[in-house]
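Subject: A structure for you to look at

Hi,

Here is the structure I promised to pass on. Have a look through it first, and then read my notes below.

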Amino acid sequence: IETYYNKLEKEEHEASTLSPAQKILKISKVIETQIAAELQKDGGDITLVDIDGSKVYVKLRGKCSGCKNAMMTLKGFVENTLRETVDKNIEVIEVE
């Protein structure tokens with residue numbers, strides 16, 4: 001039986017062994033399938049602009065672009081989701 005901690009260690013190891021191309025594809029997939037879908041429910045959207053190492057550059061669109069909670073959305077939702085699913089060292093940065 002795989003314990004919770006063994007599973008976490010396995011996921012961390014897999015994240016650290018992703019090639020740069022695999023990491024980019026995984027980030028893109030998570031943004032498209034998980035993050036954008038949630039933001040679209042509230043009339044917003046997100047576009048992946050660039051990835052440089054652990055820095056992920058995104059543009060918020062729709063209602064999210066002018067929202068006073070945009071920074072909370074970026075750090076609290078987008079960044080945390082990417083850290084949990086791809087790499088714990090990801091930093092999300094909004095671009096104009």
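Which side chain is joined to that of glutamate 79 by a polar contact of 3.0 Å? The partner is lysine 75. Please keep in mind that this is a predicted model.

Let's begin with glutamate 79 itself. You will find glutamate 79 in helix α3, which covers residues 70-85. Its relative accessibility is 6%, so glutamate 79 counts as buried, the cut-off being under 20%. Apart from its neighbours within four places in sequence, glutamate 79 is in contact with Leu74, Ile90, Glu91 and Val92.

Now for the charged pairs. The whole structure has four salt bridges. In one of them, the side chains of glutamate 79 and lysine 75 meet at 3.0 Å, N to O. These two are four residues apart in helix α3, so about one helical turn separates them. Glutamate 79 also forms a salt bridge with arginine 83, with 3.3 Å between the closest N and O atoms. Arginine 83 lies in helix α3 as well, four residues from glutamate 79. Through shared partners, Lys75, Glu79 and Arg83 are joined into one network of salt bridges. Lysine 75 is partly exposed at 30% relative accessible area, and arginine 83 is partly exposed at 34%.

Another salt bridge links lysine 23 and aspartate 87 (3.1 Å, N to O). Lysine 23 sits in helix α2 (residues 20-41) and aspartate 87 in the loop between α3 and β3 (91-94), so this pair ties together parts 64 residues apart in sequence. Lysine 23 counts as buried, at 15% relative accessibility, and aspartate 87 counts as buried too, at 13%.

Happy exploring!

Key:
Residues numbered from 1 in each chain as written. Predicted model: local features only at pLDDT ≥ 70, side-chain atom pairs only at ≥ 80, totals over all residues. Heavy atoms only, no water. Buried < 20%, exposed > 50% of the residue type's maximum accessible area, 1.4 Å probe, protein only. Polar contact = N/O pair within 3.5 Å; in protein donor to acceptor, adjacent residues only side chain to side chain. Contact = heavy atoms within 4.5 Å.
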